[in-house]
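Hi,

Here is the structure I promised to pass on. Have a look at it first, then read my notes below.

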Amino acid sequence: VPDELSGGAYLNEESIYIGKSTPPAVIKLYKEEYQKDLSLFLTLRFNELVCGGHMVLTFLGRKSKDMLLHGEASSMWDLLAQALLSLVLKGLVEKEKLVSFNLPFYAPSVDEVKTVVEENNLFNVEHMSVFESSWDPQDDDTNDDVVLGCTSSGLNVARCIRAVVEPLIRKHFGEAILDDLFMVYASMVSKHLKKAKAKYPIIIVYLKAKH
């Protein structure tokens with residue numbers, strides 16, 4: 001999380017990541033933090049590789065160059081923010097806790113990744129592409145438009161996201177809300193999936209260390 005957000009400033013009150021209401025200044029902070037962190041990551045990995053060594057990276061990204069058209073990866077976090085807000089309205093979570101919570105996450109575009117790699121100047125990009133994966137890790141249905149079991153898929157997605165963010169939620173909000181939060185989140189995801197099957201873009205990058 002950018003220092004300006006983690007320091008307690010309430011600059012992104014209605015979102016826990018980058019949402020429709022997120023100010024441009026906050027988007028800029030997230031982007032700059034991502035560029036700095038990825039560059040450091042590449043430098044550290046380069047120091048571990050032999051000359052000409054290869055590295056393959058896969059991570060969540062976005063298809064659009066426009067950050068405001070951030071797509072399904074951000075929709076997933078928007079729903080989690082809504083679930084947290086519902087607990088605020090029930091009196092189970094303090095509003096100050098919600099508005100001060102920001103995810104340490106950024107979904108880059110292919111161009112953003114390529115720019116950081118080129119400016120870092122330690123690797124050559126051998127290959128880069130984007131594919132999509134269903135939110136539900138157990139969804140192997142070939143139908144790209146419809147989720148056959150929205151309720152079960154909602155639960156699967158909630159379990160998956162809980163495995164990722166539970167330590168962050170526990171540290172910031174406390175352990176008591178975990179079960180209620182992800183029960184509400186599963187319900188919200190189920191309703192979201194009734195509209196259409198949700199997928200998030202995944203970027204794959206094949207890099208070769210320079211001599």
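How much space lies in the largest pocket? About 320 Å³ is the figure for the second largest pocket, while the largest pocket holds about 520 Å³. Of the 24 residues lining the largest pocket, Y34, L60, P104, F105 and Y106 come closest to its centre.

Before going further, the ground rules. This is a predicted model, so to speak of local features I needed pLDDT of at least 70, and side-chain atom pairs count only at pLDDT 80 or more, whereas totals for chains, interfaces and linings use all residues. Residues are numbered from 1 along each chain as its sequence is written, and side-chain values use heavy atoms, with hydrogens and water left out. The pLDDT is the predictor's confidence in each residue, from 0 to 100. The protein averages 89, and 92% of the residues score at least 70. Confidence is lowest in helix α1 (residues 3-6), with a mean of 84, and highest in α5, at 96. Helices (H or I, at least four residues) and strands (E, at least two) are DSSP runs, numbered from the N terminus.

Now the empty space. Rolling a probe the size of a water molecule over the atoms shows where empty space is left. The search runs on a 1 Å grid over the protein atoms alone: a cavity is a set of points where a 1.4 Å probe fits but cannot get out, a pocket is an open set with protein on both sides within 12 Å along at least five of seven lines, and lining residues have an atom within 4 Å of a point. Grid points are joined across faces, edges and corners, and a volume is the space filled by probe spheres set on the points.

Back to the largest pocket: α2, β1, α3 (72-89) and α6 (150-173) each supply at least two residues of its lining, and α2 gives the most, with six. By class, that lining has 22 nonpolar, no polar and two charged residues. (Ala, Val, Leu, Ile, Met, Phe, Trp, Tyr, Cys and Pro count as nonpolar, Asp, Glu, Lys and Arg as charged, and the others, Gly among them, as polar.)

The second largest pocket has 13 lining residues, and E14, S15, A81, Q82 and L85 lie nearest its centre. Here α3 and α4 (95-99) each supply at least two residues, with the largest share, four residues, coming from α3. Its lining splits into four nonpolar, four polar and five charged residues.

There are also two cavities of 30 Å³ or more. The second largest cavity holds about 30 Å³, and L38, L42, L57, F59, V113, V117, V205 and L207 line it. Those residues are eight nonpolar, no polar and no charged.

On to the rings. I count seven aromatic pairs; rings of Phe, Tyr and Trp (its six-membered ring) pair if their centres lie within 6.5 Å, with planes under 30 degrees apart called stacked, over 60 edge-to-face and the rest tilted. Y17 and Y30 make an edge-to-face pair, 5.5 Å centre to centre with 80° between the planes. Y17 lies in the loop between α1 and α2 and Y30 in helix α2, so this pair ties together parts that are 13 residues apart in sequence. Y17 also pairs edge-to-face with F105, at 5.1 Å centre to centre and 65° between the planes. That pair links distant parts of the chain, 88 residues apart, with F105 in the loop between α4 and α5. Both Y17 and F105 are buried (under 20% relative accessible area; exposed is over 50%, partly exposed in between, with a 1.4 Å probe and protein chains only). Y17, Y30, W77 and F105 form one aromatic cluster.

Two more spots to look at. M76, in helix α3, counts as buried at 3% relative accessibility; M76 and Y185 are 109 residues apart in sequence, yet 9.7 Å apart in space, C-alpha to C-alpha. Then there is N121, in the loop between α5 and β2 (123-134). N121 has a positive phi of about 65° although it is not a glycine, and is partly exposed, with a relative accessible area of 46%. Most residues other than glycine have a negative phi.

Cheers
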